[in-house]
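Let's explore a protein together, one question at a time. Have a look at the model below, and then we will work through it step by step.

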Amino acid sequence: IILAGDSDGVLDTEGNTIKQITPSTLTYYFSSIGESKYTDVTGGMFSKVTTMLKVCEHNPDLKINILSGLIEGSIYESLVNLDSSLGTSLSAD
């Protein structure tokens, strides 16, 4: 699953991209994952991350990538390269 937005994945408090989040590391990032600065009908980044991690827990082989849809070629790269380092990877482990 690819979630494309306007930021390069999930950002920490300093604005750096968090490379990977799993259910066991989520509590470490609680203070970093906030609300969207714009009106967001999806509930913001925290809602996206927690919902997608629940999906991963039910489908352990699933990989989810949150990345910028504003960077040319980023979605294509994520589709053809399952080990792409773009954005933030969410997985069950």
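Q: Where is Ile66 found, and is it buried or exposed?
A: This is a predicted model, so we are reading computed values throughout. Ile66 is found in strand β3. Buried means under 20% relative accessible area.

Q: Which residues does Ile66 touch, not counting residues up to four places away in sequence?
A: Contact here means heavy atoms within 4.5 Å. Leaving out residues up to four places away in sequence, Ile66 touches Leu3, Gly9, Val10, Met45, Val49, Gly87, Thr88 and Leu90.

Q: What separation do the C-alpha atoms of Ile66 and Met52 have?
A: Along the chain, Ile66 and Met52 are 14 residues apart.

Q: In which strand does Leu90 lie, and what is its relative accessibility?
A: Leu90 is one of the residues touched by Ile66. Leu90 lies in strand β4, which covers residues 88-90. Leu90 counts as buried because its relative accessibility is 0%.

Q: How many residues apart in sequence are Leu90 and Cys56, and how far apart in space, C-alpha to C-alpha?
A: Leaving aside neighbours within four places in sequence, the contacts of Leu90 include Cys56, and also Ile21, Val49 and Ile64. Leu90 and Cys56 are 34 residues apart in sequence. From C-alpha to C-alpha, they are 7.6 Å apart.

Q: How many residues does the largest nonpolar core have, and which have the most contacts inside it?
A: The largest nonpolar core has 14 residues. Those with the most contacts inside this core are Val10, Ile21, Ile33, Val49 and Leu90.

Q: Which element gives the largest share of this core?
A: The elements that give two or more residues to the core are α1 (26-29), α2 (44-58) and β3 (64-68). The largest share is five residues, and these come from α2.

Q: Which residues does Val10 touch, not counting residues up to four places away in sequence?
A: Val10 is among the residues with the most contacts inside the largest nonpolar core. Not counting residues up to four places away in sequence, Val10 touches Asn16, Thr17, Ile18, Ile21, Ile33, Met45, Val49, Ile66 and Thr88.

Q: Is Thr22 buried or exposed?
A: Thr22 is found in the loop between β2 (20-21) and α1. Its relative accessibility is 5%, and the cut-off for buried is under 20%. Thr22 therefore counts as buried.

Q: What is the length of the polar contact that joins the side chains of Thr22 and Ser24?
A: Not counting residues up to four places away in sequence, Thr22 touches Leu53, Ser91 and Asp93. The side chains of Thr22 and Ser24 are joined by a polar contact of 3.1 Å.

Q: Is Ser32 buried or exposed?
A: Ser32 is found in the loop between α1 and α2. Not counting residues up to four places away in sequence, Ser32 touches Leu11, Asp12, Thr13 and Ile18. With a relative accessible area of 16%, Ser32 is buried.

Q: Is Asp61 buried or exposed?
A: The place of Asp61 is in the loop between α2 and β3. A residue is exposed when its relative accessible area is over 50%. Asp61 has 81%, so this residue is exposed.

Q: Which residues make the nonpolar surface patch of about 430 Å²?
A: Leu79 belongs to this patch and lies in helix α3, residues 74-80. Leu79 counts as exposed because its relative accessibility is 57%. The residues that make the patch are Ile75, Tyr76, Leu79 and Val80.

Q: What separation do the C-alpha atoms of Ile2 and Leu79 have?
A: Ile2 is found in strand β1, residues 2-5, and counts as partly exposed, at 28% relative accessibility. Its contacts, leaving aside neighbours within four places in sequence, are Asn65, Leu67, Ile75, Ser78 and Leu79. Ile2 and Leu79 are 77 residues apart along the chain, and their C-alpha atoms are separated by 8.2 Å.

Q: In what order do the elements of the protein chain run from the N terminus on?
A: The protein chain has three helices and four strands. From the N terminus on, its elements run β-β-α-α-β-α-β.

Notes. Residues are numbered from 1 along each chain as its sequence is written. This is a predicted model: local features need pLDDT of at least 70, side-chain atom pairs count only at pLDDT 80 or more; totals for chains, interfaces and linings use all residues. Side-chain values use heavy atoms; hydrogens and water are left out. Patches are made of residues with over 30% relative accessible area and no salt bridge: like charges are joined within 9 Å, nonpolar side chains (Val, Leu, Ile, Met, Phe, Trp, Tyr) within 5 Å. Accessible areas come from the Shrake-Rupley method with a 1.4 Å probe; for residues, only the protein chains shown count as cover. A salt bridge is a side-chain nitrogen of Lys or Arg within 4 Å of a carboxyl oxygen of Asp or Glu. Buried means under 20% relative accessible area, exposed over 50%, partly exposed in between (1.4 Å probe, protein chains only). A nonpolar core is a set of buried Ala, Val, Leu, Ile, Met, Phe, Trp, Tyr and Cys residues joined through side-chain atoms within 4.5 Å. A polar contact is a pair of N or O atoms within 3.5 Å; within protein, one must be able to donate a hydrogen and the other to accept it, and residues adjacent in sequence count only if both atoms are side-chain atoms.
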